[in-house]
Amino acid sequence: MLNKEWGLNYWGMNINTWDEFYPRDGATNPSYKNEWERYNRYRVAEFLNWQVDIVNEYKRKDQFVTHCFMPSFQNIDQPESFRQMQYPAINVYHDVQDGQNGQFIAYSGDYMRTVAKGNYLITETNAQATGWDAKNQKPPYDGQLRQNVFAHLASGANMVEYWHWHTLHYGQETYWRGILGQDLQPNRIYKEFAATAKELKHIGKDLVNLKKENKVAILFSHDSYHALSFMPYTDKDHYPSGFVHRALYNQNIESDIVPCDEQADFSKYKMLVIPPLYVASDRLLEKIDEFVKNGGYVVMLYKSGYTNEHSAVRATLAPGPLRKAAGFYYQEYANIPALSLKKSAFGLSGKEISEWYEFLIPETAKPLAYADHPFYGKWPVITENNYGKGKLVYIGTYPSQELLEKIVLQTAKDAGVTTVANNYRFPIIVRSGKNQSGKTIHYIFNYSNKSQMVNNPYPGGSELLSGHQTGKEIALDAWDVKVISE
């Protein structure tokens, strides 16, 4: 059965006894490699839970167990690894100076809230410049360290720590700079750190234990991430989950990032945005079908539904069990250069698509866009399909950031999940949630080096740091943040 499901007879890779399982290095069969990655995730989770069991025997009742990870979601089964931990923790390092935009902080937090089923800890993040050499010495601009603290809290973090307190005088991380420099004296960063700590002493009780009730979720598939790296189709990001998140983040559509498996619960969401779901069981795809049929809205990217849970291509017309919900089938695809869309329904110009093109043949789906090309332009590459009470929008190509943002925003409007925050877009970022007293807290960030005067989406609220009621407009300095309580 294993040889049949994984296709191990191809190139004579049949396995007949336990002794014949070969190491991962040098393996070429995609199904074998995908199962190996699952096994690795399982063993890490098993080891961590074994360690938690040991600590639980000795810790006091008022203590908790945590563990810190880098937010690289691909190689760890996070829900199982963190299952017994009250406060999972991550280490988030991100761009600063002109590259500071808060998106990686939000991306990491949007995933960790789902894994933690609540709040989490930041056990390491940028203080000054980072690096295992001296090639990337870019300390944050004035105001950026403070802004990052509030960005972590706005995503659901309950603590922000730095690596590290003072910069080391020796070793590999000589240039990984902490709050203090190697002279151990107060400096510009320390002064901003101290001023921010003073603000948190004043209003911190209103910011911790933030809860979000997002109506949009991004599905994250470990299996698809790995399977697409085994069979790459582009030199760009082959599993563009961060790219997808950015399309929502830039438009202030807050989302959760949900680990994608048959047990995933979509019931509290109105809209799903799905990066290439290349590896998926029939049951998982049927759950997405049911979500749409029952009134959900989906934006789904190319290659979804193409292989089963063993990374083996289905012997049916693509996209397999998604065919009814998607409203099309296809038999061909191609690698393409950057192309424009023909008479774009999205009001864009330039090269909006690239890398991949599926020759979609609509059945019930409505074509939304075609490539401006004498051959590929015969087939639509973006479609929408009303199915049951919901709608599925399918993108059979690698879209530009602008195109994806247009599609996501229109679908969010159709799904009824937009709010006043969507009247703003990057560099003005709005993040919201309810605090432990049940009050709604809004963070308004200015991710730019210029002062901004913006219309206040929450007039009548109270600005926590000043204690003053907000008016019709809000003044934001460069790299500033305002915290409003409603």
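Contact, as used in these legends, means heavy atoms within 4.5 Å. The structure is a predicted model, in which local features need pLDDT of at least 70, side-chain atom pairs count only at pLDDT 80 or more, and totals for chains, interfaces and linings use all residues. Residues are numbered from 1 along each chain as its sequence is written, and side-chain values use heavy atoms, with hydrogens and water left out.

**View 1. Surroundings of I382 in the largest nonpolar core.** A nonpolar core is a set of buried Ala, Val, Leu, Ile, Met, Phe, Trp, Tyr and Cys residues joined through side-chain atoms within 4.5 Å; buried means under 20% relative accessible area, with a 1.4 Å probe and protein chains only. The largest such core has 118 residues, of which I288, I382 and Y443 touch the most other members. Helix 11 (residues 401-415) gives the most to this core, with seven residues. Leaving aside residues up to four places away in sequence, I382 touches L341, F346, L360, K366, P367, L368, A369, Y394, I395, L403 and I407. Another core, of 10 residues, lies apart from the largest one and includes I428, I444, Y458 and L476.

**View 2. Strand 22 and its partner.** Helices (H or I, at least four residues) and strands (E, at least two) are DSSP runs, numbered from the N terminus. Two strands pair if DSSP finds at least two bridges between them. Strand 20 (residues 452-455) and strand 22 run antiparallel and are joined by four bridges; V454 has I474 as its bridge partner. In strand 22 (residues 473-476), I474 and L476 form the covered face, whereas E473 and A475 form the uncovered one. In a regular strand the side chains alternate between the two faces of the sheet.

View 3. The strands follow the order 10-12-17, with antiparallel pairing. Strand 10 (333-334) and strand 17 (397-399) are the edge strands, each pairing on one side only. Two bridges link strand 10 to strand 12 (residues 353-358), and A334 stands opposite Y357.

**View 4. Contact of helix 5 with helix 6.** Residues Q144, L145, R146, V149, F150 and L153 of helix 5 meet I189, E192, F193, T196, E199, L200 and I203 of helix 6. By class, this contact has eight nonpolar, two polar and three charged residues.

**View 5. Helix 8, mostly covered.** Eight of the nine residues in helix 8 (residues 241-249) are buried. These are S241, G242, F243, V244, H245, A247, L248 and Y249.

Technical notes. Buried means under 20% relative accessible area, exposed over 50%, partly exposed in between (1.4 Å probe, protein chains only). Ala, Val, Leu, Ile, Met, Phe, Trp, Tyr, Cys and Pro count as nonpolar, Asp, Glu, Lys and Arg as charged, and the others, Gly among them, as polar.
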